[in-house]
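Subject: A structure to look at

Hello,

I am passing a structure on to you, with some notes on what turned up in it. Please have it open while you read.

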Amino acid sequence: MILILGGRGSGRHAFLSGLGLAEEDWAEVTAEDLRLFAGQGRRAAEALACRRAVIAEEQGLGIIPLEAAARRDRETNGRLNIQLAELADCVVFMTAGIPHVIKGSLPETPAPSFFPGQVFS
């Protein structure tokens, strides 16, 4: 599984589209996934990791929220990302539209089509 991490607007979706995966081959971590992870732990992470790619938001580099509930959500997000990274064959961290492989290596085929000047979501 390829885990694609990054903040909002970092280029995660554009990078994923360049991998040529079918929609059923990848998943994006949702609020529901975070609730399941809070209750089920590793089983919830393993259920996500059965896909060929997972997109997850990295929240640990931002401002720490004032509200206790928001801090708990941020912590849960981080713990889920740790579990997914442990299960992943390849982890890509997106920064300003630039992919940084921080674990493993990207598959040779299909090659990502990642063009300078592309607008990222």
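Which backbone atom does the side chain of aspartate 89 reach? It is the backbone nitrogen of methionine 1, at 2.7 Å; a polar contact here is a pair of N or O atoms within 3.5 Å, where within protein one must be able to donate a hydrogen and the other to accept it, and residues adjacent in sequence count only if both atoms are side-chain atoms.

Before going further, a word on how to read this. The model is predicted, so local features need pLDDT of at least 70 and side-chain atom pairs count only at pLDDT 80 or more, while totals for chains, interfaces and linings use all residues. Residues are numbered from 1 along each chain as its sequence is written, and side-chain values use heavy atoms, with hydrogens and water left out.

**The chain as a whole**

The protein chain has four helices and five strands, in the order β-α-β-α-α-β-α-β-β from the N terminus on. Helices (H or I, at least four residues) and strands (E, at least two) are DSSP runs, numbered from the N terminus. Of its 121 residues, 36% are buried, meaning under 20% relative accessible area; exposed means over 50%, and partly exposed lies in between (1.4 Å probe, protein chains only). Contacts are heavy atoms within 4.5 Å, and of those in the protein chain with a separation of 6 or more, 68% are between residues 24 or more positions apart.

The mean pLDDT, the predictor's confidence in each residue from 0 to 100, is 85 for the protein chain, and 88% of the residues score at least 70.

**Strand β4 and its partners**

β4 is mostly covered, with five of its six residues buried. Strands pair if DSSP finds at least two bridges between them. β4 runs parallel to strand β1 (residues 2–6), joined by five bridges, and leucine 3 stands opposite valine 91. With strand β5 (residues 98–103), β4 pairs in the antiparallel sense, again over five bridges; here threonine 95 has isoleucine 98 as its bridge partner.

β4 and β5 form a hairpin with two residues between them. Alanine 96, in that loop, has a positive phi near 50° although the residue is not glycine. Alanine 96 counts as exposed, at 66% relative accessibility.

**Back to aspartate 89**

Aspartate 89 is in the loop between α4 and β4 and is exposed, with a relative accessible area of 56%. Leaving aside neighbours within four places in sequence, aspartate 89 is in contact with Met1, Lys103, Gly104 and Ser105.

**Helix α2**

Which residues of α2 (residues 31–40) are buried? They are Asp33, Leu34 and Phe37. Seen down the axis of α2, these buried residues fall within an arc of 100°, so they line one face of the helix; the arc is that of the directions from the helix axis to the C-beta atoms. They pack against β2 (26–28), α3 (42–49) and α4 (68–87). On the face turned away from the buried side are the exposed residues Arg35, Ala38 and Gly39. After α2 comes glycine 41, with a positive phi near 65°.

I hope you enjoy exploring it.

Best wishes
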